[in-house]
Amino acid sequence: MAAAKVQQRIVCSAGMDIEFKCLMKTFNKFAVIITGLVVMFHCSTSFAQHSPKGAKTDDGGSGDESGEVSTVLTAHSKDAIFKDNASYTFSVKNTSDKLEYGKVSYIITDQFNKTLHEDSVLIRLDKQSSDSYNFTMPQLKSGFYKVNFMINVSDYDDTTRRVFGIRPEEITSTHPKPADFDEFWENSKKELAKVKPEYVITEKLEMEKDDRRVYLVEMKSLGDVTIYAWLTEPAHPSKYHKFPVLLMLPGYQATNPPLIGRDYDLAFINLDVRGQGLSKKSMDMRREDYIVNNLENKDAYFLRGVIMDCIRCIDFMFTRKELSLDRIAVTGGSMGGYLSITTAALDKRVTLCAPQNPFFSDIYNMDHGAVEWPINHMKDYVRIRPGLTFDQVLDNLQYFDTKNFATKVSCPFLMGIGLLDPFVPPNNSYTVFNNINSKKKIFVFKDLGHEVGNKYYHYEELWTRDWFALF
């Protein structure tokens, strides 16, 4: 098979001088920039791959290379979610001057890559012709499934990989929350409260423009670790006008720079959690080591401190008289989505929560082939530590599982996911979403991986401004 032509999506950061809509879109894309580079590699198989064989005529001579075979796969549901039977149309076009014959087939697997069903149909494509083939899948239980559509004809092979869902609102986890989950996190917050924050706020005049102020905030968090955040706000607050706040939380190993825009009615806080961005000053380690740092000890695992960093940042907001403390939103993608959920779950001062593709969702079901990262790093970590087992690690990680925090979120909730996500399978995402008990909405992008589309960002902007009564 010839090398596939793959459409790549490049995640890039826009300029700082932009309106709220662009700020939100830029931040959330930037929040996953580190994992985004990996995603582009993993998700390359999610696009239709056109792989023409070496064309030959019936008598063994060279065929007409002016044309080609192309395919289009269309789900009979706008988000590839179905009530009972999934169905697709596979359209094939032959623009060459050669007869093509062979078959179109599909294979359905679960998220662990176990084959559940397959079928095929023989096809004949005359020169300069097209045809379409309808497929209705057999009934499956609630969940998400991978489906590979393949065409194999005389001079062309192609595979299109997609994911579809069956009644995802019924998805639940088979692994319960630890009995002392709430107690564990209450004790963590009590431990944080004993740490004096020692806030140091420095105005950065050289960074200011568009009538907005920029402050670098330094503070102490759990374990006396120093962390940093950026606060940007309109330059002319008054005692009658307080600014709602968007707390923007970072993706895995991403730097979280200040956002400077022309929004006259909003303040932004960009937090660098420990071990990331400016906060590497007190905890710097290799990217590979970050996710497994003290993995065997829930009291010392790095995410415990990271989550408390977010709570400490909320504490900081409550020292600022110009901020509207009953209008605090948290948002972010990937690890930033995870931190949005954990922060809203543990701190009721948060009034809106808008995560995208939150990782660490339903951790037990990330194993057995469902995802490669970070399970591969965790198993490597266990392998070199005598006496430690992966089952012990999974048990420990239940204290950090997104689905277990989700039950504690009480504020309005907006979430976006991509069905082709190689790090957060949609089964895992829906386990989280279904555990949310507050007013909620989800956007599903059937052809995207570890990202969401512009439709989500536009809605998030309007949704946030509506809840904050900003017009």
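Visitor: Which residues of β17 are buried on one side, and which on the other?
Guide: In this predicted model, both faces of β17 are covered, with F413, M415 and I417 buried on one side and L414, G416 and G418 buried on the other.

Visitor: And why is β17 largely enclosed by the rest of the structure?
Guide: Strand β17 spans residues 413-418, and six of its six residues are buried, counting as buried anything under 20% relative accessible area, so the strand is largely enclosed by the rest of the structure.

Visitor: How many bridges join β17 to β18, and how do the two run?
Guide: Six bridges join β17 to strand β18, which covers residues 440-445, and the two run parallel; within this pairing, F413 stands opposite K440 of β18.

Visitor: Switching to helices, at what angle do α3 and α5 pack?
Guide: Helix α3, residues 181-193, packs against helix α5, residues 302-317, at an angle of about 55°, and their axes lie 10 Å apart. That angle makes α3 oblique to α5, and α3 passes α5 in a right-handed crossing.

Visitor: Which residues meet there?
Guide: On the α3 side the contacts come from F184, W185, S188, K189, E191, L192 and A193, which meet R304, I307, M308, I311, R312 and D315 in α5.

How values were computed: Residues are numbered from 1 along each chain as its sequence is written. This is a predicted model: local features need pLDDT of at least 70, side-chain atom pairs count only at pLDDT 80 or more; totals for chains, interfaces and linings use all residues. Side-chain values use heavy atoms; hydrogens and water are left out. Buried means under 20% relative accessible area, exposed over 50%, partly exposed in between (1.4 Å probe, protein chains only). Helices (H or I, at least four residues) and strands (E, at least two) are DSSP runs, numbered from the N terminus. Two strands pair if DSSP finds at least two bridges between them. Axes are lines fitted to C-alpha atoms, for helices over the stretch in contact, and angles run from 0 to 180 degrees between N-to-C directions. Angles under 35 degrees count as roughly parallel, over 145 as roughly antiparallel, 65 to 115 as roughly perpendicular and the rest as oblique. A crossing is left-handed if the near helix is turned anticlockwise from the far one by less than a right angle, and right-handed if clockwise. Contact means heavy atoms within 4.5 Å.
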